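Thanks for coming, everyone. I'll keep this brief. Please look at the screen.

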Amino acid sequence: MSTQPAFIAGPPSEVLVIGAGAAGLPTALAAAPRAVRVLSLAEPARDGASTWAQGGIAAALGAQDSPALHAADTLAAGQHLNQPDAVARLTAAAAGVIDWLQTLGAHFDRRDDVLLLGREAAHGQARIVHAHGDATGAEVMRALGAASCAARHIELLAARRAIALAQDASARVVGAWAWNGHALELWPARAVVLASGGYAALYRSTTNPAASDGSGMALALAAGARLTDLEFVQFHPTALAPADAARNGQLPLLTEALRGAGATLIDQHGQRFMLAEHALAELAPRDVVARAIAARRLAGSAVFWMRARRSAPSFRSVFRPYSLPACRPVLTHARSPCR
Ligand SMILES: Cc1cc2nc3c(=O)[nH]c(=O)nc-3n(C[C@H](O)[C@H](O)[C@H](O)COP(=O)(O)OP(=O)(O)OC[C@H]3O[C@@H](n4cnc5c(N)ncnc54)[C@H](O)[C@@H]3O)c2cc1C
């Protein structure tokens with residue numbers, strides 16, 4: 001019997017999207033009526049960072065807010081290293097994206113039929129649209145997945161790992177090679193979009209799913225693409241460190257919306273150390289908060305707690321269903337980080 005894996009060549013598509021997250025599925029939907037094939041490691045919403053997103057999506061929807069204010073906050077948080085035209089485009093488009101997601105069937109949290117807006121770090125206004133408290137990504141991916149499954153121009157092929165981009169004699173990308181667990185597949189396409197997520201799961205401790213292994217970037221690099229800005233990695237300041245975290249390095253993220261709803265950070269002496277670090281204290285830009293925590297850990301202070309009143313309505317609205325179950329094992333063994 002041959003030990004060679006089978007080789008399958010699929011029919012060409014106009015567009016091949018690698019990745020079925022919050023980047024890949026909207027790309028596939030927007031490409032209509034072109035025929036789009038989407039390859040992913042798992043069914044949409046079954047892997048990838050998008051389903052894990054908690055706090056919500058920033059959009060200037062409040063009465064006192066505007067895309068210009070949102071852009072100014074974004075540039076300040078990015079210490080003006082951002083690309084201003086990208087910031088302007090994204091902040092201007094955000095409200096329309098929320099509308100579009102709702103037309104696809106995404107349900108965001110409302111009170112009296114008005115969207116609830118949360119406050120997060122570095123935002124001067126409450127502008128975070130969220131779903132089911134801290135399950136925004138799951139709700140967005142539910143809606144995107146359903147719309148993509150129903151779209152006649154989209155073919156979703158899960159349980160595939162893209163392992164190389166196919167190139168013609170002039171090095172132009174003309175498709176991708178994928179491994180389906182049994183056979184090697186070649187998926188030719190006129191255009192290939194890499195939407196395979198980030199690489200943060202490569203860190204020893206991470207709040208990212210295993211799929212965020214940077215494999216799409218590696219494929220691009222191998223095909224001759226130039227990668228830029230790889231140093232811009234967001235280190236989320238707060239995560240839960242259960243006793244068994246060392247085993248796989250995966251830490252449940254404690255959403256920033258908790259701090260937006262009033263949770264404070266204290267050290268082992270009970271001191272609110274962020275007060276001395278930044279005028280916005282716990283709501284300083286994430287890199288500032290993460291650096292303040294890292295500096296104290298390097299100095300030997302190992303324990304940080306978030307202190308919040310669980311009874312506060314705004315706190316309860318952002319603290320379920322992901323964060324609270326993640327806390328429970330710790331709550332039973334240690335002093336509550338969620339008081
Ligand atoms: C815990 C957590 C909380 C977050 N909270 C928020 C938040 O509140 N607000 C916010 O704006 N952002 C948040 N983020 C960030 C946000 O989730 C990501 O920026 C976003 O989801 C990235 O989307 P994506 O489609 O690029 O990648 P992903 O959602 O990671 O999707 C990647 C896709 O590529 C596929 N893939 C990967 N490699 C291959 C391969 N070799 N071959 C085939 N397919 C492949 C995967 O199967 C998956 O379908 C959070 C992230 C995490 C981890």
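Start with a definition: a crossing is left-handed if the near helix is turned anticlockwise from the far one by less than a right angle, and right-handed if clockwise. Here, helix 2 passes helix 3 in a right-handed crossing. Helices here are DSSP runs of H or I, at least four residues, and strands are E runs of at least two, numbered from the N terminus.

Some ground rules. This is a predicted model: local features need pLDDT of at least 70, side-chain atom pairs need 80 or more, and totals for chains, interfaces and linings use all residues. Residues are numbered from 1 along each chain as its sequence is written, and side-chain values use heavy atoms, with hydrogens and water left out.

Back to the helices. Helix 2 (residues 67-77) and helix 3 (residues 84-103) pack at about 135°, axes 9 Å apart. Axes are lines fitted to C-alpha atoms over the stretch in contact, and angles run from 0 to 180 degrees between N-to-C directions. The pair is therefore oblique, meaning not under 35 degrees (roughly parallel), over 145 (roughly antiparallel) or 65 to 115 (roughly perpendicular). Gln79 sits in the loop between helix 2 and helix 3. Its phi is positive, about 50°, although Gln79 is not a glycine.

Next, another loop. Pro33 lies between helix 1 (24-30) and strand 3 (36-39). A cis peptide bond joins Ala32 and Pro33, with omega about 5°. Most peptide bonds are trans.
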